[in-house]
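Please have the sequence and the model open while working through them.

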Amino acid sequence: MTRYRKDYRDPHAALKTALAALLFLALTEKRKLILAYIADYGTDGLLDYADTILDSGWDVHFSEAAAILAAATVDSTLEVLDAAQIKFTDEFVANLERHNELIAKYEAASLLGLAYDSAHDVAVPTVAGFTLAEPALKQLGEVIERTEQQSQELLQQQQETIVSLPIEQAIEDLSLFSGKRAEQYALNAISYVSGASARSSAAACGATHKRSETVGDDRVCDDCDQNEKDGWIEINDTFSGSDTMDTPHHFGCRCSCEYEWAENMREQPGELEQAA
């Protein structure tokens, strides 16, 4: 039997830093634009406005995030190719690269609150991705209400000054995306695409089974513990504890995944599963 073990490891530092910085900028910018729209027009037509946000150039963040995530798939794919010990054609390797690009684009879209349309190779807005959490909407609404009251009072006093600064400041304050949260998102996304590319590459190279292994300490969650108890399962099946196909199984997961080739499956590469 030939096996390849994909151990838990911290993502490439430079890629993680670049993706975290991009997410901080992109998601802060998006929140600011959404808040400004809601302050002027309410929530009606917000999804249509999301198309305007993308068309104005914001979609460049999707392309940049996808490129970073595609780079994060390289090491795991190369490690799988080495472990498989098979001679690969240039066409097969090119197919792996294209498949990894798809994995990266789906994940980049998800990070930014978009959906990836592979048929047209574009990212499109989603309702969930352009809907703000209730606390932010409530805070903005309270500021708008207070500001309108102040403006009415000034008008009644025959003063022409309209108070708008509190609304602008509220938009600035509420739009700021947490830098720490951006780092966590970046770490998880890079780990995810690395795991997904490892599995899809292993399957294409003839691996037939996989198993998940925890780090074995008292911080291991019940889902990951159950995944380990599953033992060896078919390579494209889901683990029963987390209902996931790859590591990481969840945000902050530290599990490893091992892939296995039967000797008679190492003679010729197989087909790639559709990325999703």
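**Exercise 1.** Which residue in β6 is the bridge partner of R3?

Before starting, note that this is a predicted model, in which local features need pLDDT of at least 70 and side-chain atom pairs count only at pLDDT 80 or more, while totals for chains, interfaces and linings use all residues. Residues are numbered from 1 along each chain as its sequence is written, and side-chain values use heavy atoms, with hydrogens and water left out.

*Solution.* Begin with the elements: helices (H or I, at least four residues) and strands (E, at least two) are DSSP runs, numbered from the N terminus. Strand β1 covers residues 2-6, and strand β6 covers residues 256-261. The two strands pair in the antiparallel sense over 5 bridges, where pairing requires that DSSP finds at least two bridges between two strands. Within this pairing, the partner of R3 in β6 is E260.

**Exercise 2.** Which residues of β1 form its covered face, and which its uncovered one?

*Solution.* In a regular strand the side chains alternate between the two faces of the sheet. In β1, T2, Y4 and K6 form the covered face, whereas R3 and R5 form the uncovered one.

**Exercise 3.** Describe the salt bridge between R3 and E260, including the accessibility of each residue.

*Solution.* A salt bridge is here a side-chain nitrogen of Lys or Arg within 4 Å of a carboxyl oxygen of Asp or Glu. For accessibility, buried means under 20% relative accessible area, exposed over 50%, and partly exposed in between (1.4 Å probe, protein chains only). R3 counts as partly exposed because its relative accessibility is 41%, whereas E260 counts as buried because its value is 10%.

**Exercise 4.** Where in the chain do K105 and D121 lie?

*Solution.* The side chains of K105 and D121 meet in a salt bridge at 2.8 Å, N to O. K105 is in helix α5 (residues 90-111) and D121 in the loop between β2 (114-117) and β3 (122-125), 16 residues apart. K105, at 21% relative accessibility, is partly exposed, and D121, at 41%, is partly exposed.

**Exercise 5.** Which residues are linked in a network of salt bridges?

*Solution.* R211 and E213 form a salt bridge, with their closest N and O atoms 3.2 Å apart. The network links R5, D7, R211, E213 and E258.
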